[in-house]
Amino acid sequence: MVHGLDGRRALVTGAGTGIGAAIARALAKAGARVAVTDMDGKRARAIAAAIGKRTVALTLDVTDAAATRRALAKAAKALGGLDTVCANAGVSTMNRVVDLTEAEWDFNMDVNAKGVFLTNQAAVRHFLANGTKGVIVNTASMAGHMGAPFLAHYCASKFAVVGFTQSLAKEVGGHGIRVNAVCPGFVRTLMQERELVWEGTLRGMTPEAVRAEMISLTPLGRIEEPEDVADLVVFLASDGARFMTGQAINVTGGARMD
Ligand SMILES: NC(=O)c1ccc[n+]([C@@H]2O[C@H](COP(=O)([O-])OP(=O)(O)OC[C@H]3O[C@@H](n4cnc5c(N)ncnc54)[C@H](O)[C@@H]3O)[C@@H](O)[C@H]2O)c1
């Protein structure tokens, strides 16, 4: 049986483009009302407008705790409640550990790890205050399951997301709140466009050769699309996943199988 999201009210972070935008579109298509949030408010407004008028747009930088709490409250007011939160916002840079700067480490950890903590904390506080059996879906990465060269700092931040997801799931399961994570592979987004150039430079390859290697590492034989991730998020948000919590699920075309 396919479970839709009629009557659900969802907030997505980093939803101004890429995977987050696809998640917002897919949640809305499944029947949810959606708050599209991004630190780039213009992008958030464009995605919300394209989805339709039952959608709201908010500017939100997930590294700002007070702003995150305010955005959740605003979304709940505008949507008539809030029961689904997708902590998707993330950043990446690539560098050898010997050259990695503290600023790069802090940037990745602040957005990817602290941003997920702050978004999840605000969501759980909201759910508990309203007696809501809410659902959280965090965007981790296959880099949250295995290290990768030039991505030690990014991998550390994504392993953090997986550990955080498991721990929070154990804490709040008794309240009927579910917390899961998705672990995408090589997804066609602006982040990937930047990474193709960085990795090519670090390895003396063209971006096209890096991309071809990504495809060769993927048994299903193509670059992942944001919609491939978004459909899994919809499932995890739905009652179809009612007995799943604390999971970090690969959606990689087989590039990772653990
Ligand atoms: N693209 C991939 O191959 C891939 C693979 C695995 C996991 N991921 C993860 O998926 C998520 C989305 O990635 P993407 O590829 O769509 O990235 P992207 O760079 O294409 O888009 C990210 C969006 O997040 C926003 N953002 C950045 N910092 C923010 C902040 N502090 N607060 C709020 N919004 C912020 C940006 O403005 C942008 O709109 C990230 O968590 C990323 O780590 C991506």
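Helices here are DSSP runs of H or I with at least four residues, strands are E runs of at least two, and both are numbered from the N terminus. The model is predicted: local features need pLDDT of at least 70, side-chain atom pairs count only at pLDDT 80 or more, and totals for chains, interfaces and linings use all residues. Residues are numbered from 1 along each chain as its sequence is written.

**Entry 1, ligand shell.** I listed 31 residues around the ligand; Gly14, Gly18, Gly90, Thr189 and Met191 come nearest. A residue counts as near if its C-beta atom, placed from the backbone, lies within 6 Å of the molecule. By class I got 12 nonpolar, 15 polar and four charged residues in this shell. Nonpolar means Ala, Val, Leu, Ile, Met, Phe, Trp, Tyr, Cys and Pro; charged means Asp, Glu, Lys and Arg; the others, Gly among them, are polar.

The bounds come from an automatic or database domain assignment. I read 24 Å between the C-alpha centres of the two domains. Nine residues of domain 1 are in contact with nine residues of domain 2. Contact means C-beta atoms, placed from the backbone, within 7 Å. The side of domain 1 that touches domain 2 has four nonpolar, four polar and one charged residues.

I went through residues 41–51 and found Arg43, Ala44, Ile47, Ala48 and Ile51 buried. They share one side of H2, because they cover an arc of only 130° around the axis. That arc is taken over the directions from the helix axis to the C-beta atoms. Lys42 and Ala49, on the other side of H2, are exposed. Buried means 20 or more other C-beta atoms within 10 Å of the residue's own, exposed means 12 or fewer, and partly exposed is in between, with C-beta atoms placed from the backbone. The cover over the buried residues of H2 includes H1, strand S2 (33–38) and strand S3 (56–59). Gly52 follows H2 with a positive phi, near 135°.

The largest nonpolar core holds 76 residues. Such a core is a set of buried Ala, Val, Leu, Ile, Met, Phe, Trp, Tyr and Cys residues joined through C-beta atoms within 7 Å. Ile23, Ala24, Leu27, Val34, Val36 and Val233 have the most contacts inside it. I checked Ala24: beyond its neighbours within four places in sequence, Ala24 is in contact with Val12, Ala15, Val34, Val36, Ile47 and Ile51.

Leu5 sits in the segment before strand S1 (9–12). Is Leu5 buried or exposed? Leu5 is buried, because 23 other C-beta atoms lie within 10 Å. Not counting residues up to four places away in sequence, Leu5 touches Leu27, Ala30, Gly31, Ala32, Val234, Ala237 and Ser238.

I found Leu79 in helix H3 (residues 65–79). Leu79 is buried, with 20 other C-beta atoms within 10 Å. With residues up to four places away in sequence left out, Leu79 touches Arg9, Arg33, Ala35 and Val56.

Glu213 belongs to helix H7 (residues 207–216). Glu213 is partly exposed, with 14 other C-beta atoms within 10 Å.

Terms used:
Contact = placed C-beta atoms within 7 Å.
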